[in-house]
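The following report describes the architecture of a single protein chain. The sequence and the structure are shown first.

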Amino acid sequence: MRVLIVAEHNGHSLNPSVLHVVNAVGKLGEVDLLVVGENIAAVADNAKKVVGVSKVLTAEAHHYKGFLAEELAPLLVSLAGDYKFIASAASAFGKNLLPRVAAQLDCSQISDLIEIVNESTFVRPMYAGNALETVECQDKHLMLTIRATAFEPVAAEG
């Protein structure tokens, strides 16, 4: 199975949370990283160095500059056919984007993962972290947001 991670960045370098997400989803299959934005050559070069990433995809256009979910969701929907999992950090960016993609693909969104048991079973906190919920889902596609602090980062020097 393949996993696509939507890389959050500041236009110059990857957000450190991306390195945690790569580690988290690495057990699900081959990991590809999508870098989207305007003038993203430096970010794409940094992304190529991340250990555990098989392929770096780029989408560069002016309308991607602001990282608006309304602009990015159609791109992810068009790429979804090759991936069972699309993931991002459980940040405002990921929690805004991936539910839109899930709605367009008619699939499940599983948020704030702290453990990946296998390709269909995940653990996430609930009730302000006072309880843990184990979720199992067999959808064709799954949108996952990963709680970055629950996983160690991979190296960015590969």
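## Overall organisation

Of the contacts in the chain with a separation of 6 or more, 67% are between residues 24 or more positions apart; contact means heavy atoms within 4.5 Å. This is a predicted model, in which local features need pLDDT of at least 70 and side-chain atom pairs count only at pLDDT 80 or more, while totals for chains, interfaces and linings use all residues. Residues are numbered from 1 along each chain as its sequence is written, and side-chain values use heavy atoms, with hydrogens and water left out.

The secondary structure comprises four helices and nine strands, in the order β-α-β-α-β-α-β-α-β-β-β-β-β from the N terminus. Helices (H or I, at least four residues) and strands (E, at least two) are DSSP runs, numbered from the N terminus. The radius of gyration of the chain is 14 Å, close to the 15 Å that the globule rule gives for 158 residues, so the chain is as compact as a globular protein of that length. That radius is taken over C-alpha atoms, and the globule rule is 2.2 Å times the number of residues to the power 0.38. Along the principal axes, the C-alpha atoms fill a box of roughly 40 × 35 × 30 Å.

## Surface and burial

The chain exposes about 7,500 Å², of which carbon and sulfur atoms supply 49%. Accessible areas come from the Shrake-Rupley method with a 1.4 Å probe, and for residues only the protein chains shown count as cover. Buried residues make up 47% of the 158 residues in the chain; buried means under 20% relative accessible area, exposed over 50%, and partly exposed in between (1.4 Å probe, protein chains only).

## The six-stranded sheet

An open sheet of six strands has the order β3-β2-β1-β4-β9-β5, with parallel pairing. Two strands pair if DSSP finds at least two bridges between them. Strands β3 and β5 stand at the edges with a single partner strand each, so one side of each is left without a neighbour in the sheet. Direction ignored, neighbouring strands of this sheet are turned by 25° against each other on average.

Five bridges link β1 and β2 in the parallel sense, and valine 6 has leucine 34 in β2 as its bridge partner. Strands β1 and β4 also run parallel, joined by three bridges; here leucine 4 stands opposite isoleucine 86 in β4. The parallel pairing of β4 and β9 extends over five bridges, with isoleucine 146 in β9 as the bridge partner of alanine 89. Strand β4 is mostly covered, as five of its five residues are buried.

Helix α1 packs on the six-stranded sheet and touches β1, β2, β3, β4 and β9; its direction makes about 145° with that of β4. Helix α4 (residues 92-105) packs on the sheet as well, touching β1, β4, β5 and β9, and its direction makes about 170° with that of β9. For these angles, axes are lines fitted to C-alpha atoms, for helices over the stretch in contact, and angles run from 0 to 180 degrees between N-to-C directions.

## Nonpolar cores

A nonpolar core is a set of buried Ala, Val, Leu, Ile, Met, Phe, Trp, Tyr and Cys residues joined through side-chain atoms within 4.5 Å. The largest has 33 residues, and those with the most contacts inside it are Ile5, Val25, Leu144 and Ile146. The elements that give two or more residues to this core are β1 (2-6), α1 (17-25), β2 (30-37), α2 (41-47), β4 (85-89), β5 (108-113) and β9 (142-146). Its largest share, six residues, comes from α1. Apart from this core lies another, of 22 residues, among them Val6, Leu75, Ala80 and Met143.

Leaving aside its neighbours within four places in sequence, valine 25 is in contact with Val3, Ile5, Val31, Ala87, Ile116 and Ile146.

Valine 53 is found in strand β3 (residues 53-60) and counts as buried, at 16% relative accessibility. Beyond neighbours within four places in sequence, valine 53 is in contact with Val22, Val31 and Leu33. Its C-alpha atom is separated by 5.1 Å from that of valine 31, 22 residues apart along the chain.

## The three-stranded sheet

A further open sheet, of three strands, has the order β6-β7-β8 with antiparallel pairing. Its edge strands are β6 (115-118) and β8 (131-136), each of which pairs on one side only. The twist averages 30° from one strand to the next. Strand β6 pairs with β7 (residues 121-126) in the antiparallel sense over three bridges, and asparagine 118 stands opposite threonine 121 in β7.
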